Amino acid sequence: MSNSAASKVLSELREYDRELQLLKHGCAVLQWDQETYMPPAAAEERAEQLGVFETLVHDRIADDRLGELLELAGASPNNLLGSEDLPYRDRALIRLLFREHLKARRVPRDLVGRLARAASAGQTAWRAARAEDDFAAFKPQLEELVALAQERAECLGYEEHPYDALLDQYEPHMTTAEVSRVFHELEQRLVPLVSRIAEAPQLDDTFLYREFPEDIQETFGARVLREIGWPSNRGRLDISTHPFTIGLGRDDVRITTRYDRGFFNAAFFSMLHEAGHGLYELGFADEIRGSMLADGTSLGIHESQSRFWENVVGRSRAFWKRYYPALQGAFPTALAEIDYEAFYRAINKVRPSLIRVEADEVTYSLHVILRFRLETALFSGDLASAELPDAWREESRRLLGVVPESDAEGVLQDVHWSMGGFGYFPTYALGNLFAAQFTEALEAELGPLAPLLERGEFAEILAWLRQRIHAHGSARTATELVSDITGRNLEGEPFMRYLHAKFGEIYALD
Ligand code: ZN
């Protein structure tokens with residue numbers, strides 16, 4: 001193809017992509033509104049509106065014209081990046097568009113519809129089953145959702161394990177074998193650490209459950225967000241039942257939180273968490289903003305950014321050395337006689353528990369490993385849906401040393417399976433691992449994090465994250481990013497080093 005023909009194909013591809021992203025952002029406005037300010041009676045039509053928008057997005061991705069353009073740019077199933085003489089960003093865009101195009105073509109429309117209906121019925125059935133602690137009531141829907149996910153995996157294709165195709169939706173290019181390897185290594189190290197902590201004297205965190213007026217929580221949280229670099233001209237903080245982050249445009253990222261008057265951690269740490277996601281979304285390089293490349297490269301990398309701000313920064317001693325006097329001043333009744341050391345320990349209390357979303361930094365990944373084991377067994381045919389409650393109890397005993405007395409606190413606790421979201425869970429633990437690897441790289445370049453946090457030099461930290469991680473968006477895959485930044489592959493060791501250093505000191509382990 002001549003140079004001018006090639007550049008014509010590229011500019012048509014870019015324009016095609018630009019309109020696709022505008023459509024998606026329109027969809028996102030409707031979704032954000034649905035979760036925040038929409039009056040309840042609007043729910044029915046909003047579902048219809050979203051259905052129409054999502055079909056438009058799907059059709060545009062599956063369109064023959066996009067396939068032709070990608071082919072003209074040199075893309076094929078064996079060459080996702082297109083012609084080698086194209087600039088690097090265009091090749092990355094071609095890879096993304098081509099992957100989405102293939103997926104949309106491989107999964108028949110009829111199956112997409114059945115998946116959407118099963119997910120909707122599944123959530124209704126799951127909510128009722130969880131409220132009644134009745135797994136049997138959810139089992140038929142669960143079986144259908146597993147069968148449909150299996151069917152979807154077969155349509156998408158995979159090399160080794162059907163679960164590869166499911167995982168790839170959330171963590172592109174990651175394989176079941178790779179996650180298994182890292183999780184196995186992690187489990188071997190985490191289980192003994194958890195038991196050593198359990199044998200140590202326990203910490204008092206009761207004062208975190210005193211009264212924390214919502215308006216003061218909001219003022220304090222907003223101040224911290226501003227200081228770590230949250231730009232109020234490009235983002236908003238609102239309230240929703242479940243905190244989330246959503247990008248509505250090139251210069252518009254929304255985060256939400258939920259205030260609990262009787263528990264300090266609930267809003268503050270979820271705010272930092274969502275701000276971490278939001279800062280990633282706001283940090284894409286100017287050249288890729290508004291294109292499909294302006295997106296998190298994987299959910300694991302996304303989660304590494306939220307957990308970095310929530311845990312590595314927000315649950316560190318240095319951070320509170322800076323902010324605790326202000327916090328104590330803001331909540332004199334709750335915290336007057338609590339010193340900063342006691343506060344730091346309390347927000348880091350480790351306690352093997354039943355519920356994933358309430359888990360601490362040490363036990364959290366074990367909750368994820370449990371779900372990963374059950375999911376992969378479901379899709380390799382080694383486990384039937386009916387056997388899940390027992391398998392859950394057994395794994396919980398083995399990994400966490402606690403056994404749920406009810407299914408509501410066990411196999412029914414998470415929403416993901418009821419929506420057909422198999423393959424999602426591993427990304428939470430991968431986020432912890434990526435965050436630890438990135439933190440070591442950051443410290444190797446900028447020096448120890450603690451003095452930077454104590455002095456409030458967040459701009460320097462954010463600039464590093466921007467340049468090394470955020471700016472690339474999806475132009476670099478998760479694996480490429482980790483290898484660019486750390487010179488290594490995904491590994492569990494840095495995370496374990498981080499946990500041993502931090503919790504070894506808190507719990508005086510030798
Ligand atoms: Zn998150």
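**A walk through the predicted model**

Setting aside its neighbours within four places in sequence, His 161 is in contact with Thr 176, Thr 376, Phe 379 and Ser 380. This picture comes from a predicted model. His 161 itself sits in the loop that runs between α6 (135–156) and α7 (162–167). With a relative accessibility of 18%, His 161 counts as buried, because the cut-off for that label is under 20%.

Next comes the metal site. Three residues coordinate the zinc ion: His 273 and His 277, each through NE2, and Glu 303 through OE, at 2.1 to 2.4 Å. Along the sequence, these donor residues follow the spacing H-x3-H-x25-E. The two histidines, His 273 and His 277, share helix α10 (residues 264–282), where they are four residues apart, or about one turn of the helix. His 273 is buried, at a relative accessible area of 12%. His 277 counts as buried too, at 11% relative accessibility.

Helix α10 also holds Ala 267. The relative accessible area of Ala 267 is 0%, so this residue is buried. Beyond the neighbours within four places in sequence, Ala 267 is in contact with Gln 217, Thr 257, Arg 258 and Tyr 259. Between Ala 267 and Thr 256 there are 9.4 Å in space, C-alpha to C-alpha, and the two are 11 residues apart in sequence.

The link from β2 to β3 is a hairpin, made through two residues. As for β3, the strand is mostly covered, with five of its six residues buried. In a regular strand, side chains alternate between the two faces of the sheet.

Elsewhere in the model, two helices meet. Helix α2 (residues 43–62) and helix α4 (residues 88–106) have axes that come within 8 Å and cross at roughly 105°. Angles from 65 to 115 degrees count as roughly perpendicular, so α2 and α4 are roughly perpendicular to each other. On the α2 side, the contact is made by His 58, Ile 61 and Ala 62, while α4 brings Glu 100, His 101, Ala 104 and Arg 105. Sorted by class, this contact of α2 with α4 has three nonpolar, two polar and two charged residues.

Notes
Residues numbered from 1 in each chain as written. Predicted model: local features only at pLDDT ≥ 70, side-chain atom pairs only at ≥ 80, totals over all residues. Heavy atoms only, no water. Donors = N, O, S within 2.8 Å, 3.2 Å for Na, K, Ca; no water. Buried < 20%, exposed > 50% of the residue type's maximum accessible area, 1.4 Å probe, protein only. Axes fitted to C-alpha atoms, helices over the stretch in contact; angles between N-to-C directions. Parallel < 35°, antiparallel > 145°, perpendicular 65-115°, else oblique. Contact = heavy atoms within 4.5 Å. Nonpolar A, V, L, I, M, F, W, Y, C, P; charged D, E, K, R; others polar. Pairing = 2+ DSSP bridges.
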